[in-house]
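Have the model open while reading.

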Amino acid sequence: MEVAAGWEWDDTLFSGTAAHYRRGRLPYAPGLADVLGGVLDLDGRGRLIDLGCGPGTIALGLVGLFGEVVGVDPDAGMIDAAAREAEERGVTGKVRWIRARAEELPAGLGSFTVATLAQSFHWMDRESVAATVRGLLRPGGALVHISDVKTPTRTVAGLPYPATPYAAIEELVRRCLGPVRRAGQGVLPRGTPGGEAAVLSAAGFAGPYRHVVPGGQPLERTTDDVVAGVFSMSFSAPHLFGARLGAFEKDLRDLLREASPSGRFSERQPGTEVFVWPRGPE
Ligand SMILES: C[S@@+](CC[C@H](N)C(=O)[O-])C[C@H]1O[C@@H](n2cnc3c(N)ncnc32)[C@H](O)[C@@H]1O
């Protein structure tokens, strides 16, 4: 099934990234759960389905707002990481993890108050998933699309350490993996598709209502965090490097040492952008 022009989804897309995900990815803005609890009027009794849940970032972050949470992801490593984290947090009784693509959900999941898609919808057959989600939502329910606010540069002026050298890291990845963005077994010359608003409107959702949870707080990251961040991305996932993985990691660490001999980097917390799409009338 074609998700982006000339590219087909396959299950190596996020292969090997789960081990690096929690350490490597910047968090969503603190306050996201409070904002969602308020705007969705959640009372702790509803049901959440989180599609493309990864290691449970959103599913577990919102677990306190729902009576039951279902996380869905096709990547075995992600599902294992999510299940481990749920155990550590002592919430296994409230969550269920399903290893599947959002396009191939098992029957009998029941209905949901909220469906979240956090930086995952662009990997899906969006028309099909939008229709499925609408069918799963209860009257009054909503699909919630969550992503980082895309800010061209987040200045680290005034912070103690150098900025993460993202451009140099991207150049190193290109030198190793070629000039065109890799994704699973294919390439994505034009990136993932945008324009999800048109897809969701066409599927019958109402809205959207946009909320931004502000970021900007200073963050401190170590070289290991930054390396984990690189290996958490689909376009520089460990499997893509094959036998050159060790050599790439060495070059990456050399580059980072040069950028920050202290091994520390400053960052600013990204803001989080939320679009709430009410299920809309029949
Ligand atoms: C960038 S990660 C986001 C993880 C998590 N939602 C978060 O915000 O931290 C994207 C996730 O979408 C999952 N994914 C990719 N294609 C998918 C599909 N067709 N159905 C469901 N999940 C998918 C990937 O396995 C990966 O875990």
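## Terms and model

A salt bridge here is a side-chain nitrogen of Lys or Arg within 4 Å of a carboxyl oxygen of Asp or Glu. The model is predicted.

## Overall build

The chain holds nine helices and 13 strands. Its radius of gyration is 19 Å, close to the 19 Å that the globule rule gives for 282 residues, so the chain is as compact as a globular protein of that length. The C-alpha trace spans about 55 × 40 × 35 Å along its principal axes.

Of the 282 residues, 49% are buried. Among contacts with a separation of 6 or more, 82% join residues 24 or more positions apart. The chain exposes about 13000 Å². Carbon and sulfur atoms supply 53% of that area.

Strand 6 covers residues 112–118. Six of its seven residues are buried, so the strand is largely enclosed by the rest of the structure. The cut-off for buried is under 20% relative accessible area.

Strand 6 pairs with strand 3 (residues 47–51) in the parallel sense, over three bridges. In that pairing, Ala-115 of strand 6 stands opposite Ile-49. Strand 6 also pairs with strand 7 (residues 137–148), again in the parallel sense, over six bridges. Here Thr-116 has Val-144 of strand 7 as its bridge partner. The chain reaches strand 7 from strand 6 through helix 5 (residues 126–136). This β-α-β crossover is right-handed.

Side chains of opposite charge can pair when their charged atoms come close. The count for the model is 13 salt bridges.

One of them joins Glu-85 and Arg-22, with the closest N and O atoms 3.5 Å apart. Glu-85 sits in helix 4 (residues 76–89) and Arg-22 in helix 1 (residues 18–24), so the pair ties together parts that are 63 residues apart in sequence. Glu-85 counts as buried because its relative accessibility is 16%. Arg-22, at 34% relative accessibility, counts as partly exposed.

## Salt bridges between strands

Glu-68 and Arg-47 meet through their side chains in another salt bridge, 3.0 Å from N to O. Glu-68 belongs to strand 4 (residues 68–73) and Arg-47 to strand 3. The pair links distant parts of the chain, 21 residues apart. Glu-68 is partly exposed, with a relative accessible area of 33%. Arg-47 counts as buried at 13% relative accessibility.

Glu-273 forms a salt bridge with Arg-210, and their closest N and O atoms are 2.6 Å apart. Glu-273 lies in strand 13 (residues 272–278) and Arg-210 in strand 10 (residues 209–213), so this pair ties together parts that are 63 residues apart in sequence. Which of these residues is buried, and which is partly exposed? Glu-273 counts as buried, at 16% relative accessibility. Arg-210 is partly exposed, with a relative accessible area of 48%.

Some salt bridges share partners. In this way Arg-22, Glu-85 and Arg-89 are joined into one network.

Technical notes: Residues numbered from 1 in each chain as written. Predicted model: local features only at pLDDT ≥ 70, side-chain atom pairs only at ≥ 80, totals over all residues. Heavy atoms only, no water. Buried < 20%, exposed > 50% of the residue type's maximum accessible area, 1.4 Å probe, protein only. Helix = DSSP H or I, 4+ residues; strand = E, 2+ residues; numbered from the N terminus. Pairing = 2+ DSSP bridges. Right-handed = clockwise from strand over helix to strand, strands pointing away. Rg over C-alpha atoms; globule rule 2.2 N^0.38 Å. Contact = heavy atoms within 4.5 Å. Areas by Shrake-Rupley, 256 points an atom, 1.4 Å probe, with all protein chains shown as cover.
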